[in-house]
Amino acid sequence: MNEKDAGDLGVCQGKEAWVSTGAYWIRIPVEISDMPAQGTATILHGFGMLCNNEAYGVDVNELTPSGQRDRIAGTPLPRYIPCRARQV
């Protein structure tokens, strides 16, 4: 998350934030960086892997509204999805 956005939202490095779209919401740790442009967020696709009942990463497919799918393959297009973030 962009440093200015994180400051405006009151979230800190390593703390969790809620991220929601029209389809779903998740709780993820915040990483503050100057890489994403202000007003955008980058979420790595961790596929929400479970190992020994512990989750690693998040499944960004769950954040993707059903209407945002490849018209031929039907696979989710998890890029450029409007979302909201807020502190936990």
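Where in the chain does T64 lie? I will come back to that residue after the overall layout. This is a predicted model.

The chain has 88 residues, and 20% of them count as buried. There are 1 helix and 5 strands, and along the sequence they follow the pattern α-β-β-β-β-β. The C-alpha atoms fill a box of roughly 40 × 35 × 20 Å along the principal axes. On contacts, take the residue pairs at least 6 apart in sequence: 45% of those contacts join residues at least 24 apart.

Next, the sheet. It is open and built from 3 strands, in the order β2-β1-β5, with antiparallel pairing. The edges are β2, residues 25-29, and β5, residues 84-87, each of which pairs on one side only. Neighbouring strands here are turned by 30° against each other on average, with direction ignored. To find your place on screen, look for S20, which stands opposite R84 in β5.

Now the nonpolar cores. Which residues make up the largest one? It has 6 residues, namely V19, I26, I28, V58, V60 and L63. Apart from that core lies another, of 5 residues, including M1, A6, V11 and A17.

Back to T64. It sits in the loop between β4, residues 54-56, and β5. Is T64 buried or exposed? Its relative accessibility is 5%, so T64 counts as buried, the cut-off for buried being under 20%. The side chain of T64 reaches the backbone oxygen of V60 at 3.1 Å, and V60 is one of the residues of the largest nonpolar core. If we leave aside neighbours within four places in sequence, T64 is in contact with A23, P76, L77, P78 and I81.

G67 is found in the loop between β4 and β5 as well. At 70% relative accessibility, G67 counts as exposed, because the cut-off for exposed is over 50%.

Last, the charged pairs. Side chains of opposite charge can pair when their charged atoms come close. How many salt bridges does the structure hold? It holds 2.

One joins the side chains of K4 and D8, at 3.0 Å from N to O. Both residues are in helix α1, residues 3-9, and because they are 4 residues apart there, they are separated by about one helical turn. K4 is partly exposed at 43% relative accessibility, while D8, at 54%, counts as exposed.

The other is between R27 and E16, whose closest N and O atoms are 2.6 Å apart. This pair links distant parts of the chain, with R27 in strand β2 and E16 in strand β1, 11 residues apart. R27 has 43% relative accessibility and counts as partly exposed. E16 is partly exposed too, with a relative accessible area of 34%.

Conventions
Residues numbered from 1 in each chain as written. Predicted model: local features only at pLDDT ≥ 70, side-chain atom pairs only at ≥ 80, totals over all residues. Heavy atoms only, no water. Core = buried A, V, L, I, M, F, W, Y, C linked by side-chain atoms within 4.5 Å. Buried < 20%, exposed > 50% of the residue type's maximum accessible area, 1.4 Å probe, protein only. Pairing = 2+ DSSP bridges. Helix = DSSP H or I, 4+ residues; strand = E, 2+ residues; numbered from the N terminus. Axes fitted to C-alpha atoms, helices over the stretch in contact; angles between N-to-C directions. Polar contact = N/O pair within 3.5 Å; in protein donor to acceptor, adjacent residues only side chain to side chain. Contact = heavy atoms within 4.5 Å. Salt bridge = Lys/Arg side-chain N within 4 Å of Asp/Glu carboxyl O.
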